[in-house]
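Okay, thanks for coming, everyone. Let me put today's protein up on the screen, and then we'll walk through it together.

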Amino acid sequence: MEFSLKKKVSFNLTKKSIDFQLEKHSVFFDDILNPLLFFYLKVIAKKNKSKIIKELPHFLNAQQLSFMYFLKIGIKKAFDTRNPFSLESDLFSYEIFYFSKYLQIQKPIITKKEAILLKETFGASLYVPVLIKSKNNFNTFFDWINIGFLPFMIKPGHFIINGISRVAMNQLIRAPGVYKLINSTHTTKGIRVLPELRVVPDRGSWIQIYFDSKKRIWITTKIFQTQVSYLVFLQALNFHIFRLFSDIQQSEILYASRVPSLTSTNLDTCTRHDIVLMRAGLRVHPNTREEAYRYLYAHYLEYELQNDNTKITNETAFFFFWQYAWNSANRFLGNFGRQQFIKIFNTKDSFHNSRLTTKDFIFLTQTLIFLYFGKELGDDIDNLDNKKIQSCGDFLYQELLQTKNLFEGVLNYKLQNLKISNEIKKDINFLNNRFNIFWEKNKKNFSKSLTKSWHNFFIGGTLSQYLDETNPLAEITHKRRITFLGPGGVNTQQATIQIRGIHPTYYGRICPIETPEGENAGLVLSFTVLAQKTINGKILTPFYKIFKGQAQTDMKYMFLNPSEEMAHVRIPADIITSKWNRLPSIQLPVRKLWTFDYTSLNDITAQSISSLQMISIATSLIPFLEHDDANRALMGSNMQRQAVALVSPEVALVKTGLEVRVVSDSVHFLQTSTSGFITQVCSNFIQLYKPKLLKNFCYIHFFFNNKDSIIINRIYPIIYSFTILSFYSKIFPKYHNIKQKVDYLQISLNNSSYVNTLINKQKEIYFNIKLTKNSLTSFLLIKNTKTIKKFDSSNSIKYRTNYKTFVFDTYKQTNQSICAIRRPHVYEATWVEKSDILADGGISVKGKLAIGKNLLVAYIPWEGYNYEDAVLINENLVSKNILTSLHLDSYQIQNKKTKTDLEIITKDMPFLSKKELSKLLNLDSRGIIKKGTWVKEGDYLVGKVCITHPKGISENFNNITLLQSKKIPMKNTSFRVPKGVEGLIVNVETFSDKNQIFFVRVSILQRRKIQIGDKIAGRHGNKGVISKIVPSQDMPFLPDGTPVDIVLNPLGIPSRMNVGQILECLLGLAGKYLHESFEINLFDEKFGIEASRSFVFSKLYEASVKTKNLWLFNPQHPGKIQIFDGRTGIAFQQPVTVGYTYILKLIHMVDDKIHARATGPYSVITQQPVKGRANRGGQRLGEMEVWALQAYGAAYTLQELLTLKSDDLGGRNKATLQVMANTPVSIQRPESIKLLLREIQALCLNFELYISSSHSKKICLVDLNNIDTELF
């Protein structure tokens, strides 16, 4: 059969010509023309995208910018804190200048892949030039110092430490500054309000100044942990007592803070306060500065050190105060702390001083007194304005600063203790040489200390965690986490409900929904979608500016911190404006300060830019979120991060629009960095040909379909004239001289297998080349070219520079042992543009997040099998691998060093049975499992033997056969497949280290089908465990015969109040039959009352009309369908809610949890079974379990559990032999009885237990002096 186009198609495509062609030509013509419009439509689609989606910040900005700031500014800032620093001793006086702006970063020695393979850290060494200058002579020299090995952040925003992906959490801590607090105390006279000032320095200890119930003012610091009189502390800061009373208003209240006079000098009757006064040489309140010094020192010795031997003088007291109590390190406010200080006290004194000064205490004292008399209000301590975020760059900066200060201090100490003989102290040349040697020897300590500090932070720090790589959403959420925990933060025991609660300043900055369940609830949070972190640790959120009732949407956003936001009157984003962006002239809901109110449009100054502004990324992926209860939305957010990668994932039918950004920002798919022509696609690499003059190229792709016809797949970019170059030399002759201008393209097909192409205006050129169904032809068109040259694979070296190969791992193991499979997204002989997707990740399809499957769900009880959140599933989900996931486990085996010698890796195992010998067939000659082998539990992975001979072996007898002939004792220590593991060996790697220890790394790929006990969930917090797998023919089915995939209990919805799953279910049903997918606007009630339900019902009605399936929408009960019982074929009595819901398979799988043991390890102290599946633990018998057995009267069962199966050591060892010998099991006395008797004896009680006897004397059963004897 022959087809041809009736009209010529011009390649000059504009919007008008496209519209004209689409209106004028047939469907067959449109099928050919559509590929030409690919880029045009793509550009139009980009223009029509939501402005908000385009303006979203990069989701990993908080991590990436923090590390970048540390590299560019943080390192220089750390070295400039004290630059130069002096080295002083009796003989030497040097200055060391750091030139940190000339920092050099060494190129990483290994790549990221090599770091993962070799279990190394990916990073680079840092070098800083220093100038060492002598103050006494002209000894000056220049040197480079290695400051340490810095782990480097890779593009996805995490670090590779010892081959493992780790991430540094964002910590929310109290910002430096001064805070006014109001403490309420309950007394007999009612509630008493006592003010407090808390000074939080950037570096150093907190200072607390507060009133007590007797109007006395006290101060506590890290040195003075026991409260000390504030008035004495002010006197020590050189404030005369009369000046304080004159400069401070209402200062008469300070009289109550005077130190009480001495009451007694008798050491037997005096108080500790009297001892302090006597040690300070005082009898009354200090009058001078020196007396204040002595009092403070005596207070410290008495209460903190409890030292009676130290003699107090004016010199020692002065030294103590200025070196310990009030040194510069303890009062460093920092720039941010000083700004906050100025803001609270409304003064610019000490504006440029970053340390707390004595003058600041005048303002502190005055403010505290005003707080007491109610003239000032306290601060909101939980306001985000009073907190700041610390990220990875800040932690690295702190470690660098501490190490630098430590290095300088140790260097000074060593130089001062450098021993030099008196004879050569005057020899300048010798001293210079001695110092040079001293510097060369000690400069390496900087690198060692800093490298160790950075390494310890990532390995042992609480703020550095294993990266959650379950899926891209889990990974990106983990990097955007905010925590109150960690060093400098709070712990779970101290955290109050105020800290865990939601503060009004969280709006647009911290998500009120996403937080863990349990003890960390409210302490671990997430950034919102639009939140941005500043350099100084503040969180900003964007707003539109409102001017005279008009939203300025074309202007730049206002990014406001909490204090700036408080100055505005804000309206939410769901207020609909006119086409001129005018607000409606009615009373609108607003937020003034931090409360809700109504006001007119003239008072409004700002508007939120999006409804996504107040929620996190995971929460924003829940469709119809506004119809779910907050608790269930929290569960839905958390469970999306637990979804594992499926073998064939799908994009949800009902989306929210952020699915692309989650995958792209987490770098989970492979993108091309250049435009070019795909020449080869394999499972682990893609090859791309990049032409030299890219602007002159385009291509046409021909391929065969099932009817032996040829069609065009794509043509772009579009040009006016071209000639042809073949990429496959087998198809076209060696050379073709073509010099015709081609203005259009026409294709003619005939019954034969010959191709006629390239029709010219003047004549038609025929290429009589025979093609087969398996052959694929592709053409690269070159603009204004005279000849066509043959491309031959043998000449590929000539074109090597034009090729780029993208290599990726087919099977990539994550920290959670989930296998993320890379799937190529492109085909051979196709053209790709820069940034196009080449390969999808394990949980993405065409660049969109795909963490589950769209399954047909029915809400109906089914014989109790879906009672209490249990789930009933179709057998098709198992047989068709719909919910099947892949898991990759790696095991590293080595020949360990034993007391006798190294273990020997070998295939020759001694003393094996025939069954065991058959398991050795899969090992190679070295004794290592072969790649591609299917293994089960107990199979050999690496064969090893250990010599148990006390003298070991010599090198002459390292052969196993010779060892057996010499009858040298050996033990089989082979590594086998662990319990519950079955899969395919996909990778075997071998390497060794310097100590001749041989390592083998084996990777086992497991395929886990869905089974009873696995956990599945939706996106609305609806979760459940699979209770039964029903054959497909027995499941309920739709009127068109489609069986239901999952049956859920309808009673799980009303009490949980997550109605969003119903709307998603019904809209998914409409989308399935309409072959559409939907992007839902969250909080869509702004478009009208019941907007969500109206939209869903309208789509259901549309689906019923277009598909002519009227049962899809029944006006009498919309959203419900009459379905039929698969076992009987009879319709159910009432209509049932049925639809397509996005179902996730969670990482909580039964294979990882099911566990049983007969015998195993016991705890050393209690002799109860140890805990945990990994430790082969068992069930413990607790107090409540004993009560249950007592209530049922199960005496013998209880006795067995308390003795043989608990801590009866002797009986436990004998029981096994007695059972095998079929003799009665004897029960002995457990260890807990011995412990009880010893405790009774420790109470000085003579406990005796007797039995009656026919003799006159009683028989004693228990003797406390010998309780180890048998009880009976």
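So, the overall tally is 31 helices and 64 strands, taken as DSSP runs numbered from the N terminus, with helices being H or I of at least four residues and strands being E of at least two. Keep in mind this is a predicted model, where local features need pLDDT of at least 70, side-chain atom pairs count only at pLDDT 80 or more, and totals for chains, interfaces and linings use all residues. Residues are numbered from 1 along each chain as its sequence is written, and side-chain values use heavy atoms, with hydrogens and water left out.

How much of the protein is buried? Of its 1272 residues, 49% are, buried being under 20% relative accessible area with a 1.4 Å probe, protein chains only.

Now the inside. The largest nonpolar core has 55 residues; such a core is a set of buried Ala, Val, Leu, Ile, Met, Phe, Trp, Tyr and Cys residues joined through side-chain atoms within 4.5 Å. Helix α10, residues 289–305, gives the largest share, 8 residues. Ile-209, Phe-361 and Leu-364 have the most contacts inside this core. Leaving out residues up to four places away in sequence, Phe-361 touches (heavy atoms within 4.5 Å) several residues, including Ile-209, Tyr-230 and Trp-326. Apart from that core lies another, of 52 residues, with Leu-646 and Val-1044 among them.

Last stop: helix α28 (residues 1183–1192) and helix α29 (residues 1195–1207). They pack with axes, lines fitted to C-alpha atoms over the stretch in contact, 9 Å apart. Their angle is about 155°, on a scale from 0 to 180 degrees between N-to-C directions. So α28 is roughly antiparallel to α29, a label for angles over 145 degrees.

Definitions and conventions
Buried means under 20% relative accessible area, exposed over 50%, partly exposed in between (1.4 Å probe, protein chains only). Angles under 35 degrees count as roughly parallel, over 145 as roughly antiparallel, 65 to 115 as roughly perpendicular and the rest as oblique.
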